[in-house]
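Thanks for taking a look at this one with me.

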Amino acid sequence: MRKTESATPPRDALMLISQLLFFSENTTAASAKEKLKAQIASLRRGDFDSLVALAQSHHVIVRGLEVFLDLAREARDVERMNWANSALSAERSRIAVATHFLHEICAAFQESQLNVMVIKSLDHW
């Protein structure tokens with residue numbers, strides 16, 4: 001069996017997610033924005049999946065993929081828009097389930113007249 005490797009090594013995935021997280025329409029030069037769009041357009045599905053896994057492991061999937069989606073949309077890259085929408089939908093579903101249970105847990109503490117503070121954010125959004 002032939003081993004397939006991603007065209008985006010971990011270092012490149014880390015660089016891309018960093019660029020997405022620090023991207024700003026107000027402060028990012030037009031040339032840097034176009035370079036980022038080209039980098040997104042060059043991603044294969046396996047590269048995208050690696051990027052998503054990295055973003056998930058650092059709890060920045062929503063912030064990173066919202067920028068990814070905006071840039072893909074601006075480039076009219078329907079395939080990568082679909083990838084990002086699918087990953088964002090899955091993450092938002094995961095957050096909704098976690099939030100539901102978190103509310104139930106907090107309500108149980110409140111019913112027992114115990115004070116509780118939740119300090120863990122869900123994907124920093």
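**Notes on the model**

1. The accessible surface of the protein chain is about 8,600 Å², and 57% of that belongs to carbon and sulfur atoms. Areas come from the Shrake-Rupley method with a 1.4 Å probe, and for residues only the protein chains shown count as cover.

2. Please keep in mind that this is a predicted model: local features need pLDDT of at least 70, side-chain atom pairs count only at pLDDT 80 or more, and totals for chains, interfaces and linings use all residues. Residues are numbered from 1 along each chain as its sequence is written, and side-chain values use heavy atoms, with hydrogens and water left out.

3. The protein chain has 5 helices and 0 strands (DSSP runs numbered from the N terminus: helices are H or I, at least four residues; strands are E, at least two).

4. Buried residues (under 20% relative accessible area; exposed is over 50%, partly exposed in between, with a 1.4 Å probe and protein chains only) account for 30% of the 125 residues in the protein chain.

5. In the largest nonpolar core there are 28 residues, of which Leu20, Leu51, Leu65 and Phe68 touch the most other members. Such a core is a set of buried Ala, Val, Leu, Ile, Met, Phe, Trp, Tyr and Cys residues joined through side-chain atoms within 4.5 Å. H4 gives this core its largest share, 8 residues.

6. Beyond its neighbours within four places in sequence, Leu65 is in contact (heavy atoms within 4.5 Å) with Phe48, Val52, Ala84, Ala87 and Leu88.

7. Val116 lies in the segment after H5 and is partly exposed, at 42% relative accessible area.
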